[in-house]
Amino acid sequence: MSQITIQCRLVASESTRRQLWELMADKNTPLINELLQQVGQHPDFLTWRQKGKLPSTVVSQLCQPLKTDPRFAGQPSRFYLSAIHAVDYIYKSWLAIQKRLQQKLEGKTHWLEIFKSDAKLVETSDRSLEAIRIKAAEILAQATSSPDSKSTLPKQKNSKKAKKTVSSDSSRRLSTTLFQVYRETEDILTRSAISYLLKNGCQISEQEENPEKFALRRRKLEIQIQRISDQLDSRMPKGRDLTNEKWLEALTLATTTDPQDNAEAKRWQDILLTRFSCLPFPLIYETNEDMVWSKNQKGRLSLHFNGLRDLTFDIYCDRCQLHWFQRFLEDQQTKRSHKNQHSSSLFTLRSGHLAWQQGEGKGEPWNVHHLTLYCCIDTRLWTAEGTEQVRREKADEITKFITKMKEKSNLSETQQAFINRKESTLKRINNPFQRPSQPLYQGQPHIIVGVSLGLEKPATVAVIDVIKNQVLTYRNIRQLLGDNYNLLNRQRQQKQRSSRHRHQAQKLAAPNEFGDSELGQYIDRLLAKAIVDITQTYQAGSIVLPKLSDIREIIQAEIQTKAEKKCPGYLEGQQKYAKEYRVNIHQWSYGRLIDSIKTQSAKNNIIIEEGKQPIIGNAQEQARELAISAYQSRLKKG
C-alpha cells in the first residue's frame with residue numbers, strides 16, 4: 001500500500017471556530033447518533049448482522065428524511081454525506097468484529113460439546129475406558145501416519161527444546177485433523193475416543209482423571225463462552241454523548257432508586273465509569289476537490305471547504321511535511337489553469353478528515369480544543385514515474401468498465417451519461433501532471449525481508465534469498481537501533497514506573513490515567529527506518545510482517561517457553577514467573593510499530609506482505625520462516 005496519512009493544525013478566528021464547532025457538535029454528531037440508532041433498530045438488522053455487512057444504500061435512505069428534521073436541518077450537503085460515510089464505516093467495522101466473535105463463540109461452543117469427562121464418555125459410548133483408549137490409539141496411529149499430518153517444519157538442532165517445539169506444532173496440526181474427523185463421523189465410540197484425545201493434548205493418558213481439575217477446566221471454558229456472548233449482546237455502536245445526558249440519567253437512577261438485580265446495578269456502574277468523548281465526530285471529505293487550497297496575503301497556505309466557503313483556515317504543519325501541502329495547491333492550480341484538462345484522480349491528495357483534537361484548560365470548547373486536518377496521500381503521485389504507474393492502473397480499470405458496459409444492450413440514458421463521464425475522465429487521465437523524475441524502487445522479488453515480533457525483542461529481521469534458500473543477514477534489536485539502543489531500556493523503565501504509580505493510585509481510589517511519553521513512538525520510527533534501509537541495501541522485493549491478530553498467541557508462547565525453562569515441572573512457579581516477566585518486560589505497542597513500518601515502506605514504494613509468524617524457534621528462526629511462508633503463499637496464489 002502506497003498511501004500514508006499526514007496531519008496539520010488548522011488556525012482560524014474565534015468566530016470561525018465557534019461556527020464550525022456548533023455545526024459539528026450540535027447538528028452533525030447528533031445526526032450520526034440518530035443514524036446509528038436507526039440502523040440498529042431496523043427490521044432487517046438481524047439479517048445484515050448474519051451476513052456481516054450493510055446494504056450500500058441503507059444509511060443514505062435513512063438519512064434522507066432526517067435532512068428536513070429541525071434537529072439536523074441547516075447543515076451543508078457535505079456534512080450529511082460525511083455522516084453517511086461515518087455510519088457506514090462504524091457499522092462495517094462493528095459487523096466485522098461481531099462476525100469474528102461469532103466464529104469464536106461457535107468454536108468454543110463446539111469444543112464445550114466435545115469436552116467431556118472420562119465418566120461421561122464411558123456413559124455415552126457404553127464402553128469401558130480401556131476400550132476408549134484402545135480406539136483412541138488406533139485413531140492416533142492412523143492420523144499420524146497420513147501424508148497430510150507430516151510436519152513441514154524447518155530443520156532444528158538436535159536438542160530437547162527443538163523436539164519439544166516440533167511436538168507442540170505437530171499437536172496443533174493433529175488437533176485440527178481430529179476436529180475434522182469428529183465433525184464427519186457419527187460413530188459414538190469414535191467421537192468418544194477423539195474427545196479423549198483432544199482433552200489430553202492428543203495423547204493417551206496413563207493417569208486417572210482428576211474430577212476437580214476437569215471441572216475447573218470446563219468452568220473456565222464456560223466462562224469464556226459467557227464473556228463472548230456478553231460482548232456479542234452489548235457491543236452496539238452508541239455514538240458520542242457530548243451532553244452527558246446518559247451519565248446524568250444513570251447517576252439519578254443510581255442515587256434515587258434501588259436496582260432490580262445485579263445486572264442492572266452493573267449496567268449503571270458501567271455507564272458511570274465510562275469516560276465519554278467530549279469531541280464531535282470528524283468530518284469526512286472523500287473527494288479531494290472538496291478541499292480548496294490557496295495562499296493568503298502573508299503567503300501562508302490556507303484552506304476552505306466546499307459548503308463552508310465563508311470559513312477560511314491557515315495551515316500550520318511541520319517543515320518536513322510542508323512540501324506535501326504545497327503540492328496540493330500546485331495540483332489544483334494546474335488543473336484550473338489548464339481549464340480542466342487534467343483529472344483530479346491523479347491529485348496527490350486522496351481524501352481528508354477534519355477533526356477536533358482534545359486540549360486542556362477551561363473555557364468554550366472551540367477555544368480549548370484544536371482543529372486538525374488529516375490528509376491521506378498516495379506517495380507514488382509525487383514523481384513522474386509513480387504518476388505514470390497510477391495512471392496506467394486507473395486507465396486500465398476505466399477501459400475495462402466501459403467495455404463491459406457497452407457489451408450490454410438497451411442502455412438507459414443514465415447509464416449512457418455515466419459512460420460518457422467515464423470516457424471524459426479517461427481522456428483527462430491520459431494527460432498527466434508534470435512532476436519531478438525519480439526512479440521507482442525496484443526490488444528483487446526473490447529477496448524477502450521477514451520481521452518477527454516478540455516481547456523481549458520487539459523486532460528481529462531476517463533477509464532471505466528464497467531461491468538459493470540462503471539467509472543473507474540477520475539483524476537483532478540492538479543492531480537495528482545501534483547507538484539508540486539505550487532508549488529501549490529507558491522506555492521500559494518509564495512503563496514500569498507508570499505501572500507502579502497506576503497501581504498505587506488504584507489502591508487509593510485516585511485518578512490513575514497516566515499518559516505515556518512519545519519515546520515509544522520515536523523508537524518505532526527508528527526501527528521502521530532501519531528495516532527499510534536494510535531492505536533497500538539488499539534490494540529486497542518486499543517486507544513480510546506478522547498479522548496483528550496472531551501477536552497475543554506469539555507473546556503467550558514466548559512467555560510460556562521461558563517459564564517452563566525457568567521452572568521445569570513446577571506449574572505454580574511457571575505461572576508466577578510468567579506474571580513477573582510480563583511486568584518487567586511489558587508488552588510493546590505492536591500495532592503502532594507495524595503502522596510505522598508500513599508508513600515508512602509506503603514512502604519508498606516497498607511492498608508489504610503479511611504472514612503468520614510461527615510460534616516455534618527463536619526470533620531469527622521465526623523471521624526466516626515468516627519470509628519463506630510468505631513466498632510460498634505467493635506461489636500458490638500465482
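Which residue stands opposite Ser542 in β11? Ile448 stands opposite Ser542.

The model is predicted, with local features needing pLDDT of at least 70, side-chain atom pairs counted only at pLDDT 80 or more, and totals for chains, interfaces and linings using all residues. Residues are numbered from 1 along each chain as its sequence is written, and side-chain values use heavy atoms, with hydrogens and water left out.

Strand β11 covers residues 540-546, and seven of its seven residues are buried. Buried means under 20% relative accessible area (1.4 Å probe, protein chains only). Strands are DSSP runs of E of at least two residues and helices are runs of H or I of at least four residues, numbered from the N terminus. Two strands pair if DSSP finds at least two bridges between them. The pairings of β11 are as follows.

| Pair | Sense | Bridges |
|---|---|---|
| β8 (residues 444-452) and β11 | parallel | four bridges |
| β11 and β12 (residues 607-611) | parallel | five bridges |

Val449 stands opposite Ile543 in β11, and Val544 has Glu609 in β12 as its bridge partner.

These strands belong to an open sheet of five strands in the order β10-β9-β8-β11-β12, with mixed pairing. β10 (470-475) and β12 stand at the edges with a single partner strand each, so one side of each has no neighbour in the sheet. From one strand to the next, the twist averages 25°.

Helix α18 (residues 519-537) lies across β8, β9 (460-465), β10 and β11, where contact means heavy atoms within 4.5 Å. Helix α18 runs at about 145° to β11. Axes are lines fitted to C-alpha atoms, for helices over the stretch in contact, and angles run from 0 to 180 degrees between N-to-C directions.

Key. Buried < 20%, exposed > 50% of the residue type's maximum accessible area, 1.4 Å probe, protein only.
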